[in-house]
Amino acid sequence: MTELGSEGTPLRVAIIGSGPSGFYAADALLRQTTYAVEIDMFDRLPTPYGLVRGGVAPDHQKIKSVTKVYDKIASNSNFQLYGYVEFGKDISHDEFKSYYHAIIYAVGAQTDRRLGIPGEDLPGSHAATEFVAWYNAHPDYAHLQFDLSQDAVAVIGNGNVAMDVARILASNYEDLHKTDIAQYALEALKESKVRDIYLLGRRGPAQAAYTNPELKELGELGDVDVIVDPVEGTLDPLSKAALEATPDPLAEKNLKVLNGYLQKPPEGKLRRIHMRFLVSPVEITGDGHVQAIKLVKNELQQASDGTLRPRATNVYETLPIGLVFRSIGYIGVALPGVPFDEKAGVIPNDMGRVIDPATKTPVVGEYAVGWIKRGANGVIGTNKPDSQETVNMLIQDAPNLPQIDPSKATRAAVEALLNERKPNHITYTDWQLLDMLEMQNGQSLDRPRLKYSRIDEMIDAVERSRRAQPLAPLP
Ligand code: NAP
């Protein structure tokens, strides 16, 4: 048998998930020169790019253009995508281990954190992640409905997802029309009666998690007054002292922009974004549907690690609102057969090497990258060094990776298995066809793309093209 990683016996790596962290892991593997590698990337959806397609806001087309980098990676002959193939369902964990020398989990953080307050599940209270996936045409969420006939909405959390949700709710039809927002979402938002959007932060303006461009964008929306509560928006003595002791350029920039909003009198615009700080929701109330949110006023206190944390006072207020988006972070979901840390919502790992919680030793040949490795934080670019770190571990381990049955260690063997299990799986070439069709379909409506939101339509389009049949028109 030739040596693993030689041209004759390339290192076969499966990457589970086709978002940024998966692509950066593929790139790092393809760039290293020690071993010959072949990479098969799997995704349960027929479309690649993970949160770049299903998470990044549609009005951030420039951020989405990072997919050009991923297309270049995918053009390497040692890379293949198998879309519409689900780990643990179409191919089991054990089967993956028998076909690949190594597996890299790049599955992201697929669900939302819970507030744990009464009324959280009332109709009209939604995870922001669901709204985001809905307006981005994610097939699992396309059927959802949001009651946009309400005039007041609460968005809980002060991160970039909360900003995205507030901005999309506050945007004009004309501005959204220029984006690749799902057609059904565009039409629903056109009829929206939402006028007041309350962004609720549990800590102060200096502790907000959103980044400066996102904060500035609120002020650039055409028909929106951004209103900052003068008391809550003013720096408290603890935050002031903390910033003096340890300068924080992000917080300083945000404070400057917030101060600008605070100074600017409202101009009677169509919609209002109210930026509230130092308030925590304690209950969502309503008779069969969200009607109000009860908030407790917080003050900041210094925790033992030096950070400023919120502490509830005994001052309450009730805000009448008809819709709630809970935007307090994403959390990972366990994969069948793969170790999982329930509390942190990640695969336990050491620099990307998956760790067996029982023995505290690495699980041979299994690795993690991205949000399922480090938690749901950072921007797209954060995944590049993160994936590189994991790939460095994999390359270090390569001499000790287990040999697998040579008859299974080939792309042809995997394709034979897929043709039997999931004959309608999607390759990168198939995806490029879908990509082209989405753009073509968008042209007729003067939109950058008209996204498919149904898996059966995607599969049908691919199959018709394989049979060279005319395509069914999109509904
Ligand atoms: P995030 O940045 O972690 O923000 C979560 C927010 O929820 C924080 O303000 C947090 O407040 C608050 N929170 C947590 N638990 C809470 C509770 N029980 N009650 C009230 N508030 C609570 O999460 P995210 O917005 O989901 O974003 C995830 C990652 O994606 C971030 O790294 C983000 O920058 C990135 N992202 C980037 C972009 C972009 O670049 N445009 C767009 C979207 C997302 P505390 O700080 O007090 O904990």
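Modeller: Here is a walk from the sheet to the ligand. This is a predicted model, where local features need pLDDT of at least 70, side-chain atom pairs count only at pLDDT 80 or more, and totals for chains, interfaces and linings use all residues. Residues are numbered from 1 along each chain as its sequence is written, and side-chain values use heavy atoms, leaving out hydrogens and water.

Let's start with an open sheet of six strands, ordered E6-E14-E7-E8-E10-E9 with parallel pairing. Strands here are DSSP runs of E with at least two residues, helices are H or I runs of at least four, both numbered from the N terminus, and two strands pair if DSSP finds at least two bridges between them. E6 (125–127) and E9 (224–228) are the edge strands, each pairing on one side only. Further in, E7 (residues 152–156) pairs with E14 (residues 323–326) over four bridges, and Val153 has Leu323 as its bridge partner in E14.

As for polar contacts (pairs of N or O atoms within 3.5 Å), a ligand oxygen is 2.7 Å from an N or O atom in the side chain of Arg203. Another entry is Gly378, with a polar backbone atom 2.8 Å from a ligand oxygen.

Key. A polar contact is a pair of N or O atoms within 3.5 Å; within protein, one must be able to donate a hydrogen and the other to accept it, and residues adjacent in sequence count only if both atoms are side-chain atoms.
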